[in-house]
Amino acid sequence: MDDEEGGSESGLGHDWAELTHECLINIFSRLSTEDRWRRAMFVCKSWLNACKDSCLHSVFDLETYFDSVTDLARYWTPEFERTIDSMLRSVVLWSGGSLTEIRVRHCSDHSLSLVADRCPKLQVLSVKSSPHVTDETMNKIASGCPNLQELDISYCYEISHECLAYIGSHCRVLQIFKRNLMNWLDPSQHIGIVPNEYLNTCPQEGDSDSAAIGKLMPKLLHLELRFSKLTAKGLTLISEGCLSLEYMDLSGCANITSRDIANASSNLKNLKIIKKPNFYIPRSVFHAERYGHWQLYDERFQTDVFRI
């Protein structure tokens, strides 16, 4: 009996070691991103190779894991940015051009330039809070990823209104666009987390942004411009050019009035939800999109396995 049990245990271990590549992919497709990146990849070479299979990399979504308030300042460091860039570049290379959705934060031109070159099927791109994403690379994204339907460049202060115009002229099926700014009405909540020099670069040309959106993004259904510095003029341009809008978030837009919003809304027959400026919102509400980490980016990502 003992021998049989021992043989059974040995057999079970042997079976796991000899699982085919196809079986491993089937199993890994059921795992979370965390489990694949922090556990499965480290078991053995065959498991690592399976984790790299292109069929597992049509979507790369880290957004749901930025959900803790732990050590927020760390995310604005060059070291953390390099980690995110390394991960994103790895996924792009492994995907073999099959990526359709990317949701990350704190990446840079270094990784996004590769996305522009290798991801022609991309439909969703969210790169919030990325201080080193610039016009140059976002223009490449617009040219290389014309099928974008959703784009979130919130808190990316190195992207200008000229780039928004370029995006609109090349991504003609864009339906969801998010260009939220940090709360400049109460910047104290960012002090000690976001570098002061970056806070000071907050985009000022809200009406120029609005002109690009209204003129070149006519198919938008969902628009977010929280804490934008647009005025009644900019809001009018949007309402005249984006007639299909169903959702619009103008929270914190201090330069527009209730009358401005009412006038603009009269053009938007499909509008179902509009979030108006509210300057009596408790500060805690502004942390609704706070993010942290689940220790995904620990010292193990400094090993040669993850260096591209």
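**Exercise 1.** Which side chain does the side chain of glutamate 63 join in a polar contact?

*Solution.* The model is predicted, so local features need pLDDT of at least 70 and side-chain atom pairs count only at pLDDT 80 or more, while totals for chains, interfaces and linings use all residues. Residues are numbered from 1 along each chain as its sequence is written, and side-chain values use heavy atoms, with hydrogens and water left out.

Step 1. List the contacts (heavy atoms within 4.5 Å). Leaving aside residues up to four places away in sequence, glutamate 63 touches Arg103, Val104, Arg105 and Lys128.

Step 2. Find the polar contact (a pair of N or O atoms within 3.5 Å; within protein, one must be able to donate a hydrogen and the other to accept it, and residues adjacent in sequence count only if both atoms are side-chain atoms). The partner is lysine 128, and the side chains are joined at 3.4 Å.

**Exercise 2.** Determine whether phenylalanine 227 is buried or exposed.

*Solution.* Step 1. Phenylalanine 227 is found in the loop between β6 and α11.

Step 1. Its phi is near 60°, a positive value in a residue other than glycine. Most residues other than glycine have a negative phi.

Step 2. Buried means under 20% relative accessible area, exposed over 50%, partly exposed in between (1.4 Å probe, protein chains only). Phenylalanine 227 counts as buried because its relative accessibility is 4%.

**Exercise 3.** How many aromatic pairs does the structure hold, and how are tryptophan 76 and tyrosine 198 arranged?

*Solution.* Step 1. Rings of Phe, Tyr and Trp (its six-membered ring) pair if their centres lie within 6.5 Å; planes under 30 degrees apart count as stacked, over 60 as edge-to-face and the rest as tilted.

Step 1. The structure holds three aromatic pairs. In one of them, the ring centres of tryptophan 76 and tyrosine 198 are 5.5 Å apart and the planes stand at 45°, so this pair is tilted.

Step 2. This pair links distant parts of the chain, 122 residues apart: tryptophan 76 is in the loop between β1 and α5, and tyrosine 198 is in helix α9 (residues 196–199). Both tryptophan 76 and tyrosine 198 are buried.

Step 3. Trp76 and Tyr198 form one aromatic cluster with Tyr157.

Conventions
Helix = DSSP H or I, 4+ residues; strand = E, 2+ residues; numbered from the N terminus.
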